[in-house]
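The following explanation leads from the sheet to the helices and then to the ligand. Please keep the sequence and the model in view while reading.

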Amino acid sequence: MMGAPYTFQIKNPEELDINELESFCAFVKGGGQVVSGVAKRLKEIGKVIVLVRLANELAAVGALKVPMARYRSNVFKSAAAVEQPTDYPIELGWVVVAERHRKQGLSSQIVKVLLEVSDSEQANVYATSDVEKGAMHRSLERNGFVKAGAPYRSELDNDRLQLFVRKRFPEPH
Ligand SMILES: CC(C)(COP(=O)(O)OP(=O)(O)OC[C@H]1O[C@@H](n2cnc3c(N)ncnc32)[C@H](O)[C@@H]1OP(=O)(O)O)[C@@H](O)C(=O)NCCC(=O)NCCS
């Protein structure tokens, strides 16, 4: 699959048709990231969705979200981060690559594409990632994220999560 012509499509959640919505939810559940209610959460906090396809096959997904202020501040508190949650209005997440499309740099490209959107809005972004997910850490760090605070236990599923933050790159002078 090396060098395969993947296409990256950016959509607002309300632009997803029923098939895309179902596939997106199935991907996120399959990636073990949200236990239930993906469609509802997508509607409530989803901002931008990226769909990666190889021909007609959905290969990977990712998203930007605008989490509730209280949820976001709990994350920063749990991580004991010195950074202020109010400085990071957007969360990057729901990044899932189908197994047979892994290890080709797709997660890294998804992060890059999503950051182009947040950068265009001059927004700082945070993300959380399971401490076991080395590939996701690498993709985040490659794209300018740095670790904030210390690993903490997720209330949702008891995974150990690491908080990452990324300040929007300064505009070139
Ligand atoms: C985690 C996941 C998104 C990674 O996707 P991927 O497209 O296979 O990752 P990439 O090919 O972009 O790899 C990213 C980088 O991590 C590196 N990497 C791979 N496995 C690694 C590991 N175990 N430890 C450290 N680095 C690793 C890769 O070499 C690559 O580095 P490079 O950019 O310098 O070449 C994918 O495995 C997945 O969907 N898992 C299930 C859902 C999930 O856990 N999502 C993340 C939520 S925290």
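Seven strands form an open sheet in the order β1-β2-β3-β4-β5-β7-β6, and the pairing is mixed. Two strands pair if DSSP finds at least two bridges between them; helices (H or I, at least four residues) and strands (E, at least two) are DSSP runs, numbered from the N terminus. At the edges lie β1 (6-11) and β6 (146-153), each of which pairs on one side only. From one strand to the next, the twist averages 25°.

This is a predicted model, in which local features need pLDDT of at least 70 and side-chain atom pairs count only at pLDDT 80 or more, while totals for chains, interfaces and linings use all residues. Residues are numbered from 1 along each chain as its sequence is written.

Within the sheet, β4 and β5 run parallel and are joined by two bridges. Glu91 stands opposite Tyr126 in β5.

The helices may now be placed against the sheet. Helix α1 (residues 18-30) lies across β2 (46-54), β3 (57-65) and β4, and runs at about 80° to β3. Helix α5 also packs on the sheet, where it touches β4, β5 and β7 (160-166), and its direction makes about 160° with that of β5. Axes are lines fitted to C-alpha atoms, for helices over the stretch in contact, and angles run from 0 to 180 degrees between N-to-C directions. Two residues are in contact if their C-beta atoms, placed from the backbone, lie within 7 Å.

Two packed helices are described by the angle between their axes and the distance between the axes. For α4 and α5, the angle is about 40° and the axes are 9 Å apart. That makes α4 oblique to α5, since angles under 35 degrees count as roughly parallel, over 145 as roughly antiparallel, 65 to 115 as roughly perpendicular and the rest as oblique. On the α4 side, the contact is made by Ser107, Ser108 and Val111, and on the α5 side by Ala135, Met136, Ser139, Leu140 and Arg142.

What surrounds the ligand? Of the 21 residues around the ligand, Gly31, Arg102, Ser107, Gly134 and Arg138 come nearest; a residue is near a molecule or strand if its C-beta atom, placed from the backbone, lies within 6 Å of it. At least two residues of this shell come from each of β4 (90-97), α4 (106-120), β5 (125-130) and α5 (134-142). The most is given by α5, with six residues.
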